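Let's work through a few exercises together. Keep the sequence and the model open beside you, and try each task before reading its solution.

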Amino acid sequence: MLFELKSPFKPMGDQPEAIRQLVEGVNDHLPAQTLLGVTGSGKTFTMANVIAETQRPTLILSHNKTLAAQLYAEMRSFFPDNAVEYYVSYYDYFQPEAYLPSTDTYIEKDLSINMELDQLRLSAVNTLLSGRRDVVVVSSVSCIYGMGNPQDFHDNMISLKVGQMIDKDDLLRRLVNAQYTRNDIALQRGNFQAKGETIDVFLVSTDIILRVVLCFDEVESLETLDVATGHMVAEYDEYTIPPASIFTTTKERADRAVDEITLDLGEQIRFFESVGDEVKAERIKERVTYDVEMIKEVGYCTGIENYSRYFDGRKPGERPFCLLDCFPDDFLVIVDESHVTVPQIRGMGGNDRTRKTNLVENGFRLPSAFDNRPLSFDEFESLVKQVIFVSATPANYELQRCEGIVAEQLIRPTGLLDPLIEVRPSVNQIDDLLEEIQKCVENDDRAIVTTFTKRLAEELDEYMREHGVRSSYIHSEVDTLDRVRILDELRAGEIDVVIGVNLLREGIDLPEVSLVAILDADKEGFLRNETSLTQTVGRAARNLNGKAIMYADTITKSMQRTIDETERRRAKQMRYNIEHGITPKQIVKGRNTLLDNEQLKETREMFGAVLEPTAKQKTGTSVGKKTMGIVADSATIDYQSVPDMKKEIEKTREAMLAAAKALDFLEAAHKRDYMLMLQERLDKLTKK
């Protein structure tokens, strides 16, 4: 099936030329290209047109779940009749296994899997391995993490045809090998039931039940049933049942894996004994022996991913299989917001290696644990044959890779120009800023302010409120959905200014914002380099009266480059408007677009609001600060009411997630244990 782009819009401005250049480059097999597109120029629409014209299976990479979900929703609207898939981390909460030598503390792995995301991941793999070419997968950097051998996944697919001869017991064994579990009482996702000659399989990758009816070892019919009603939805002449997990293997490979694990265990025991460390030798012997017995008995053990190399048939040090291995050889990669996404891909392996070194050196894991890892950056590059980097501020890496092949998309369909930039002294900057914000309020416009620290953002927010300005702050300790709510309130006019640090740069569409103020603009560094300044200034690019003010005592090189590049873009935009008789028009969008956009709403409902969990703002404690022990905590909860205890459980859960995100595993484990104790007390209270 071919890609068919459906949209009421046609390419405008310099979109047609950018699309032509990129399509020509893809067809000429150029390894790398860059789309330099300003905010509001329709970069996503350009991506969709390139996909439609090149007809290549495509992986779109984004640096977080929120933006990936937005891209997924947009691509689904552009390609409603094609396969658009979503592949991100399926953990709501993940605390990796760790050992802290300084305190001799071992922390077990703990996690919470979101089944809806797991279903979407499996759907992406199944679609890619089905042979379809009209596939777009929108993914976070989760795509570079290990998964099972795609060949094993393909080999465990069960293809059935009406009239096919197949022994019932053989079919049931194949379902078990494909990771389905028999459950003749309650049919749930990933289970199957066998009653007489009828076998019902609740598929993992879709919300349907497949009914296979046999008659004397012949497939008599294949039907799909509605999960809720059990009524037949459709009949098929043939159907392929995908495995229930992306981590699957064959029985032969599993048997060989057990033998190899046992051999490596012997070597590791001898190593510890040779250096006189009997404690570690005994520890690794007990742990791995138990794991091997579990694998033999039930086919699984806790932490089985640390043995993935054996099940995949890989050699020591060989890279793991990942989603990229499921694509055909000529697939296209589009890296969105590449100035952020590329460094994220590059840095994934560092913390993983350090954590596992402690586990291996202290006898908690075999050295094979090192081979359960994300791809290195060199490995990622070797798998990606053709890539398009998309950014308003491409970094040096992207420009070097594409060797100067840059398609510029600087013209907005609305004719809007990049904002004017003013540089003002930092003396009395707060009073000057307050005056500018009041002007915005009088014009029914909004403002955003970027500070250098979280503390300054909070203090400035308090100062603004004291002077009658409706404001709110955003930084990394504010929950994702709360950030969305705050931005919606800004758009709706319920607040006039949002103050933040670095979270106001990518992926925010705020047409009502006419003023961007950057405090301490001359403090060179990550938050005030050319890329950050250009991205921040661009937040005012969707308003007819857009203006940016940099408060600084000197003009740094980054500031000057940002000013020069903005002026270059403005000049090109003005020339285009004059040549084509275009009068810039203010973008008008309905209130609460961020929350009520139909595609995003649909995506949220599908994922169960799993967009990038982050810590809520804390009151009285900070992430990583050691709190009272569980015994001390428990002394107060006996006197709490049920509603208060529920609030305490939710508060503790949020603190656990925050600690895990900050890699403070000991604190996360403490919060987890306290939360479980609270839940146990609550269960007892509610049963009385």
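A crossing is left-handed if the near helix is turned anticlockwise from the far one by less than a right angle, and right-handed if clockwise. Helices (H or I, at least four residues) and strands (E, at least two) are DSSP runs, numbered from the N terminus.

This is a predicted model, in which local features need pLDDT of at least 70 and side-chain atom pairs count only at pLDDT 80 or more, while totals for chains, interfaces and linings use all residues. Residues are numbered from 1 along each chain as its sequence is written, and side-chain values use heavy atoms, with hydrogens and water left out.

**Exercise 1. Describe how H1 and H2 pack, and name the handedness of their crossing.**

Step 1: Two packed helices are described by the angle between their axes and the distance between the axes. Axes are lines fitted to C-alpha atoms, for helices over the stretch in contact, and angles run from 0 to 180 degrees between N-to-C directions.

Step 2: Helix H1 covers residues 15–27 and helix H2 residues 43–54; their axes are 9 Å apart, at an angle of about 40°.

Step 3: H1 and H2 are therefore oblique to each other (under 35 degrees is roughly parallel, over 145 roughly antiparallel, 65 to 115 roughly perpendicular, and the rest oblique).

Step 4: The crossing of H1 past H2 is right-handed.

Step 5: On the H1 side, Gln15, Ile19, Leu22, Val23, Val26 and Asn27 meet Phe45, Thr46, Asn49, Val50, Glu53 and Thr54 of H2 (contact means heavy atoms within 4.5 Å). By class, this contact has six nonpolar, five polar and one charged residue (Ala, Val, Leu, Ile, Met, Phe, Trp, Tyr, Cys and Pro count as nonpolar, Asp, Glu, Lys and Arg as charged, and the others, Gly among them, as polar).

**Exercise 2. Which residue forms a salt bridge with Arg569, and is Arg569 buried or exposed?**

Step 1: The partner is Glu565, with the closest N and O atoms 2.8 Å apart (a salt bridge is a side-chain nitrogen of Lys or Arg within 4 Å of a carboxyl oxygen of Asp or Glu).

Step 2: Both residues belong to helix H18 (residues 557–579), four residues apart, or about one turn of the helix.

Step 3: Arg569 has a relative accessible area of 5%, so Arg569 is buried (buried means under 20% relative accessible area, exposed over 50%, partly exposed in between, with a 1.4 Å probe and protein chains only). Glu565, at 18%, is buried as well.

**Exercise 3. Where do Asp152 and Arg253 lie, and how do their side chains meet?**

Step 1: Their side chains meet in a salt bridge, 3.0 Å from N to O.

Step 2: Asp152 lies in helix H5 and Arg253 in helix H7 (residues 251–274), so the pair ties together parts 101 residues apart in sequence.

Step 3: Asp152 and Arg253 are both buried.
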